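Have a look at the chains first, then read on.

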Amino acid sequence: MARAVTTRHKIIATAAAWAVALVIFFPILYTLITSIKTEPEAIAGFNLIPSFTFENYVTVQTQRDYIKPFMNSVILSVGSTILALVIGIPSAWAMAFSPTKRTKDVLMWMLSTKMMPAVAVLVPIYLMFRDFGLLDTRIGLTIMLTLINLPIVIWMLYTYFREIPGEILEAARMDGAGLWQEIVYVLTPMAVPGIASTLLLNIILAWNESFWTIRLTTTSAAPLTAFIASFSSPQGLFWAKLSAASTMAIAPILIMGWFSQKQLVRGLTFGAVK
Amino acid sequence: MATQNTRGLARLMMAPSVILLLVWMIVPLSMTLWFSFQNYNLLNPANVSFAGLFNYRFFYTDPAFFQSVWNTLMIVGGVLLITVVGGTLIALLIDQPIFGQGIVRILVISPFFVMPPVAALVWKNMIMHPGYGVLADINRLLGLQPVDWFAQYPLLAIIIIVAWQWLPFATLILLTALQSLDSEQKEAAEMDGANVLNRFIYLTLPHLARAITVVILIQTIFLLGVYAEILVTTNGGPGYASTNLVFLIYRTALLGYDVGGASAGGIIAIILANIVAIFLMRAVGRNLDR
Amino acid sequence: MGSITLSRVSKSFGEAKVIPSIDLEIQDGEFVVFVGPSGCGKSTLLRLIAGLEDVSGGQILIDGKDVTQKAPAQRGLAMVFQSYALYPHMSVRNNIAFPLKMAKVDKSLIDKKVSDAAGILNLTDYLERRPSQLSGGQRQRVAIGRAIVREPSAFLFDEPLSNLDAALRGTMRLEISELHNQLKTTMIYVTHDQIEAMTMADKIVVLNRGNIEQVGSPLELYSRPRNLFVAGFIGSPRMNLIEGEFARSKGAKTVGIRPEHFALSHESGLWSGTVTVAEHLGSDTFLHVNVDGIGQINARCDGEFEARHGDRIYLTPNETKLHRFDEQGLAI
C-alpha cells in the first residue's frame, strides 16, 4: 500500500470538508446575500443571486438609527474590556509572579463565580439597578459586563504571564535592572501579546452577551443584542432590512473571531486543552 | 521576586478583583435567598411579608416548573449530543489533508461568533419559516408539507439553533486536541497491526476523551443559561413547550412581577446547576485526572 | 580582581538543608568547575554566588568585600544561563547593550563595547537579528556577549552547553576555553558532564548532596581521588572498584584500578577471565571481562590487540596504580 496520501483521498476529503463547511456557514452566507436583495426579493423564495442593492443598509440607519445601538455595543464591549484589564492585569501579575499556596484556589474560586447561573441574581440585580438609577445606562451595563468576564480575563492573563520564563527576569536583574526597569524594558514587552489576545477575546464575549444586555436596557443604552432582539415579532416586508442590520451586527466580531481561534481555545477551556 | 516587600504589594494588586468578585458573589445571592422567603410582588410593593417555604412549594406544585426543568435538561443533553458527536466527526474530517484547510476552519467556526439574537432570527425567518424559509422550500421540492418548526417542534428548533452556535466550539477544541496526538504513536500502532478503525478506537478516542470532557463541562455551564434564543423565537411557547428554567424565572420576575417566586426559582436554578456539576464531575472527573 | 571566598555558606529550602556548609577559595583568573550528579547543589551554589538566591548562613566575599547581602547587580558578576535567557523582543545588539543601558553608560561608549564584544564572538553580522532567528550556538554567544560587556570580576556559567548537540558542544567548549585565555577573568562553570570539567578547568570542585567531596586540579582528582565518590565520578570509563578477598589482601575495604592500568595478554597474567563484550573504538579497545573470583572488570588496551566475545584473557593490574579505600570510603 502506498504511504503517500493519494490524490483521490485528498479530493474526496476536500469535497466532504467543503460541503460540511458550506452547510454550516450557509445561514450566515444567506443572511449576507439577503441583505443586498430588495424586500420583495427577500421573501420571494430561495434565491442565491441578489440584485446587489445597498438600500437596506441605508434604510436601517435612517429609519431606525442603527448607529446608536452599534455605538452602544462598541462602548460596552471596549469599555468593559478595558475596565476588566485595568482590574485584572495587576491581579494576574501578582498571581503569576508572586504565587502562594493559595493562588490556585483563588483562581478556581474566581472561575466558579462565572458558573453561577445569571438568572439566579436577575431579581436583586434588576432591583438594585432600578433603585440606583443604573437601569438602561451604559455605566451600569459596563459594570455588569466587567464583572461577568473578569474571571476569564484574569485567567487568560495569568496563563500568559506564567509563560514568561523566569530566567529572563533573572538575567535582567543580573544585568543591573531595578524593579521598575525590569517591568518596563523586559516584562511589559513580553506581556503585550498576551494582553492583546485577552483583549480580543473579551471584546468578542462582551459584544455577544445576550442576557444582561437585553434585560437591563430599554432604549438609551441598548446595544445591538437588544436592538436585534426587538425584531422578534414578524412584521412582513422587512426581512432584507433585518438581514442588513444582522450582517452589520455580526461582521466585526466574525472577523475578529477568525483571528482569535487560539485565544478561544486557551480562554474558554481553562487550560485543559492545548 | 519573592521577598517580603513584594508579598504585601502582591496582595494589594489582587485586592480590587478579589473584593469585587466577593461582593458580586455574596450580595446579590444573599438578596435572592432573602427574597425567596418573602411574599413580594412588584405590583404591590408595599405588601411584603414572610412567606416561609410558600414560594418553593408553589414552584414545586407548578406543572410548568417540572416542564421547564425537563426542557432545560433536554436542551443541555440535546446540544451536547449534537455538538460532541458532530464536533468529533467534523474535527476528524478537517484534520485530513484537504485543500484550503484554513478557509474551511473559518467557515466552520463562524456560527460561534454570531450573537444569539441574530442566530435565532436568522433560523426563525430564513430557514425554519414555514412560508419562505429554506427548509420549507426544500420540503415543497420533495413534495412534502412544510414543517412549522416553532409550532410543532419548538424545543427541537431551539436545540438545533443552539447546537448550530456551539458546534464550532466543540469542533475547534476537538480539532486542537486531535492535532496534538503524537504522530509517532499512530505509526507505532500501525506497525503493531492496527487498522484505521482500531487506531481510532484505541488511540484517538482515548486521547480525545479529555478534550471531550472539557467540552462537555464548559458547554454545560453555558447551556444551562440559554435565554435569548427562546426570547426571540418562541417566547417559551406554545404554552411551556420551549420554556427552560431560566425563561420560567424570567417570566415570573418580569412578566408576573413576582419577586418572591422568581427568587425561589433562582435558588432552585443554582441547586440544579450544582447537581449537574457534581454529577458531571463524578461521571467524567477521572478523565481530567489523567 | 576576581577572587571569591565562600565561608561556611549554607542554604536551606524550608525544611530541606540543600547545602549544609561550604568553604571555598577561588583565586583571581581561575577557571573553576563545579561538577556533580543531579541534585548535588552545584546550580544552587552558583545562584548563591550570583545573588539570585539568599544564603541561609555564612558569608560570600568578592575581592575581600562582603557581598552576602548585596543584590545581584551590585556584585559585579555576569551570568550565562542554561537557556541563554535572551530578551526575545530585542535585537542581538540591544541584548548585548542592555546591561550597559542599565548602568547608564554613554551611548557612543555602548556602541563601541557592543562591537568589540561582537567582534570577539563572531557576531558582527548578526547584530540586527532577533534571537528567534539565530541558531543555538549563536544564541549561546549572544548570552556570553551580554556577560562580557559588563566587564565583570567573574563569569558564572550555568550548564551552558547542555542544550547543544554533541558536535556543537565540542566547538563551544574550545571557544569558552579560548575566551578564558584571552580575557583572563575568573570563570565559575557548572556542569554535570565530567568531560567538560576535566578539559576546561584549572580547578574542579566535586559536589555531592550539598557537600564538597574534593577540590583540586583535574589531574589531581584523576590520580589521587580522596574518596570512593570522586574515584567513581571522575574518569570515563569508570574506575573499576573491587571488594572482597583481593581488597583485603591489599589492606583495604575497596580497591580501585583504572581501565588503562592493566597489562593484557592471551597467555598469562595475575588474573584470568572471559571477555563478555569487546568495544572497539579504533584507537582503543575496552574489554569487559568476567574475571574469575573478582567480578566484572573493564580494561583498556591498544586498538590493535585482538580479542573477541568469549575469549579467555589474562590481566595483570599495575600495583603502583592501585587506589585503596577504607570502610568509610576514604583513600588510604
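In what order do the strands of the open sheet of 3 strands in chain C come? The order is S11-S12-S18, with antiparallel pairing.

## Before we dig in

This is a predicted model: local features need pLDDT of at least 70, side-chain atom pairs count only at pLDDT 80 or more, and totals for chains, interfaces and linings use all residues. Residues are numbered from 1 along each chain as its sequence is written, while chains are lettered from A and ligands numbered from 1 in the order in which they are written.

Strands here are DSSP runs of E with at least two residues, helices are runs of H or I with at least four, and both are numbered from the N terminus. Two strands pair if DSSP finds at least two bridges between them.

S11 (240-242) and S18 (323-325) of chain C sit at the edges with a single partner strand each, so one side of each has no neighbour in the sheet. S11(C) is joined to S12(C) (residues 254-257) by 3 bridges, and Ile242(C) has Val255(C) as its bridge partner.

## A hairpin in chain C

Now for S15 (residues 284-291) and S16 (residues 295-302) of chain C, which pair antiparallel over 8 bridges. Asp284(C) is opposite Asp302(C). These strands make a hairpin with 3 residues between them, and Gly293(C) in the turn has a positive phi of about 80°.

Counting residues as in contact when their C-beta atoms, placed from the backbone, lie within 7 Å, 75 residues of chain A touch 78 residues of chain B. Helix H1 (residues 7-35) of chain A gives the most to chain A's side, with 16 residues.

Note on methods. Contact = placed C-beta atoms within 7 Å.
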